[in-house]
Every structure is written in structure tokens, then in C-alpha cells.
Amino acid sequence: MIPSAARAAASQLFSPEFRSVFVKTLGLTLLALAALWFAIEGLFEWLAWPWIDAWLPGLPSWAGSLGVIVAGIGLALGLALLIAPVTAIIAGLFLDDVAEVVERSDYPDEPPGRATPALRSMVLAFRFFGVVILGNIVALLLLLVPGINIAAFFVVNGYLLGREFFEFAAMRFRPEAEARALRKKHAVTVFLAGLVVAAFLAVPLLNLLTPLFAAAMMVHLHKAV
């Protein structure tokens, strides 16, 4: 079931039907990252730079330019770490669009799922954001532990991402409590599918599409189970 669901989701990712969702997600993600860049840069110039200037008075003019370059590099690295969480919260708003495309194209003879209400969709988007943040914080901490670091990244993200995205797909057809019970019943299958999503998340640039891939894959997996 899992390889079939993953292949089906990957083949649909760049299809014309997915294009509008892809463009909306990518466009809003880039706008959000640009806004974050200017916000963090503004905070640095407002709070940090006056403190540095007061602490180290009389710095030569070239030191200011060097400081701006170093700060820019730091901002770029920080922004790189925020790409996955920002993408998660934005893509979370469009997961029903992904599910509807999959259900319409691959399961036309079956009743379609129900779109998540707007308020609930916002809650889910922030929950996906929290899951990605939590998973990566735990994984980063475990990177300091020799021998289990890479395995920890896949186990933590596999469990969290598999759980959240499977329950999303299931809740389009059943109440939340039933969706959770179904996920627990097929816990091993959902976890193994989550490992596939974690592997997708580990690929730079491609990880921008992780929420779309995961949503499509779990729609297929939910149908299979």
C-alpha cells in the first residue's frame, strides 16, 4: 500500500491539476519568507546594532560593513531553518484542495470527502506548523547524540508527520475521534508511510512540497486501508 500511495502522490505533484495549489503555496511561502527577512533585519538594526555600537565604541567604518555582511549570513541561515515550518503553515491552508484533486481524479466513482471548516483549517495549519517545529527541534537536539542522530530525524518526523497527515485525510470522511481510532488501528502502516514523508522532507528544495506530497499520499493510503 505504501509504495503505491507514494508513487501516486509523486506522479500527481507536478500535474496540471496540482499546479494552482503549487503556485499558491509557493507564492505565499516566498512572500512570507521575504516579510520575515525584512522583519528580522529591522529588529536587528533596531535592537542589536545600537547595543553593539555602545559596547564597542569607536569601531572603524569597515567594521560596520563587515557586521552587516555577517548579520546577513546569519539571517540567511536562520531563514533556511524556517523554510519548512513556514511552508507547513501555508500549505496547511490548501490541504483540502490537494485532497479534492486526488479524490476527483483517482476515485471519481466514490463519494467525495468534506472540506474542513475554515476555522478548523486554520487550527490544523498551525498544528502542522507546530508538528514540524517540534519534530525538527527534537531531531536537532538528538543530532548531538552519536549513533542515533539521523535515525532520530526519521523516527521523530515519521511519527509526527504520518500521524497528522493521515488523520487529516481520514477526517474528510469521519469524525475526528474515529479518524484517530483508525490511525491507531493501522499505527505501523501510518508510521512507515510517515518515514517516506520524512525522507521527502530531508531533500533540500523538494522539502518545500512536503505538505502537498504528504496530503496526497495519505489520501491514497486512507483509501487503501
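## The span 187–209 and the other annotated regions

Over residues 187–209 the chain is 65% helix and 0% strand, with the end C-alpha atoms 24 Å apart; helices here are DSSP runs of H or I with at least four residues, strands are runs of E with at least two, and both are numbered from the N terminus. This is a predicted model, in which local features need pLDDT of at least 70 and side-chain atom pairs count only at pLDDT 80 or more, while totals for chains, interfaces and linings use all residues. Residues are numbered from 1 along each chain as its sequence is written, and side-chain values use heavy atoms, with hydrogens and water left out.

The span 187–209 is one of those that an unreviewed UniProt entry lists as "transmembrane region", together with residues 21–40, 66–95, 124–144 and 150–166; UniProt positions are given in the numbering used here, feature names are shortened, and such annotations may be inferred rather than shown by experiment. Residues 150–166 are 100% helix and 0% strand, and their end C-alpha atoms lie 24 Å apart.

## Overall make-up of the chain

The secondary structure of the chain amounts to nine helices and zero strands, which gives the pattern α-α-α-α-α-α-α-α-α along the sequence. Of the 225 residues in the chain, 40% are buried, where buried stands for under 20% relative accessible area, exposed for over 50%, and partly exposed for values in between (1.4 Å probe, protein chains only).

Among the contacts in the chain with a separation of 6 or more, 80% are between residues 24 or more positions apart, a contact being heavy atoms within 4.5 Å. The chain exposes about 12000 Å², and carbon and sulfur atoms supply 74% of that area; accessible areas come from the Shrake-Rupley method with a 1.4 Å probe, and for residues only the protein chains shown count as cover.

Helix H4 covers residues 95–106, twelve in number, and reaches 16 Å from its first C-alpha to its last, close to the 16 Å expected at 1.5 Å a residue; the expected span is 1.5 Å times one less than the number of residues. The buried residues of H4 are Leu95, Asp96, Val98, Ala99, Val101, Val102 and Glu103.

Asp96 and Glu103 are linked with Arg172 in a network of salt bridges, a salt bridge being a side-chain nitrogen of Lys or Arg within 4 Å of a carboxyl oxygen of Asp or Glu. Arg172 lies in the loop between helix H6 (149–171) and H7 and is buried, with a relative accessible area of 1%. Leaving aside neighbours within four places in sequence, Arg172 is in contact with Asp96, Ala99, Glu100, Glu103, Gly113, Arg114 and Ala115. The C-alpha atoms of Arg172 and Arg114 are 4.9 Å apart in space, although the two residues are 58 apart in sequence.

## Other salt bridges

The structure holds seven salt bridges. In one of them Asp97 pairs with Lys24, the closest N and O atoms being 3.3 Å apart; Asp97 lies in helix H4 and Lys24 in helix H2 (residues 16–55), so the pair ties together parts that are 73 residues apart in sequence. Asp97 is partly exposed at 25% relative accessibility, and Lys24 is partly exposed at 35%.

Glu176 forms a salt bridge with Arg180, with 3.1 Å between the closest N and O atoms, and the two residues, four apart in helix H7 (residues 176–185), are separated by about one helical turn. An α-helix has 3.6 residues a turn, so residues three or four places apart point the same way. Glu176 is partly exposed, at a relative accessible area of 27%, and Arg180 is partly exposed at 30%. The side chains of Glu164 and Arg163 meet in a salt bridge at 2.7 Å, N to O; Glu164 counts as buried at 3% relative accessibility, whereas Arg163 counts as partly exposed at 21%.

Thr210 is found in helix H9 (residues 210–224) and is buried, with a relative accessible area of 3%.

On the surface, Leu93, Met122 and Phe126 form a nonpolar patch with about 270 Å² of accessible area together. Patches are made of residues with over 30% relative accessible area and no salt bridge, like charges being joined within 9 Å and nonpolar side chains (Val, Leu, Ile, Met, Phe, Trp, Tyr) within 5 Å. Leu93 sits in the loop between helix H3 (61–91) and H4, and is partly exposed at a relative accessible area of 37%.
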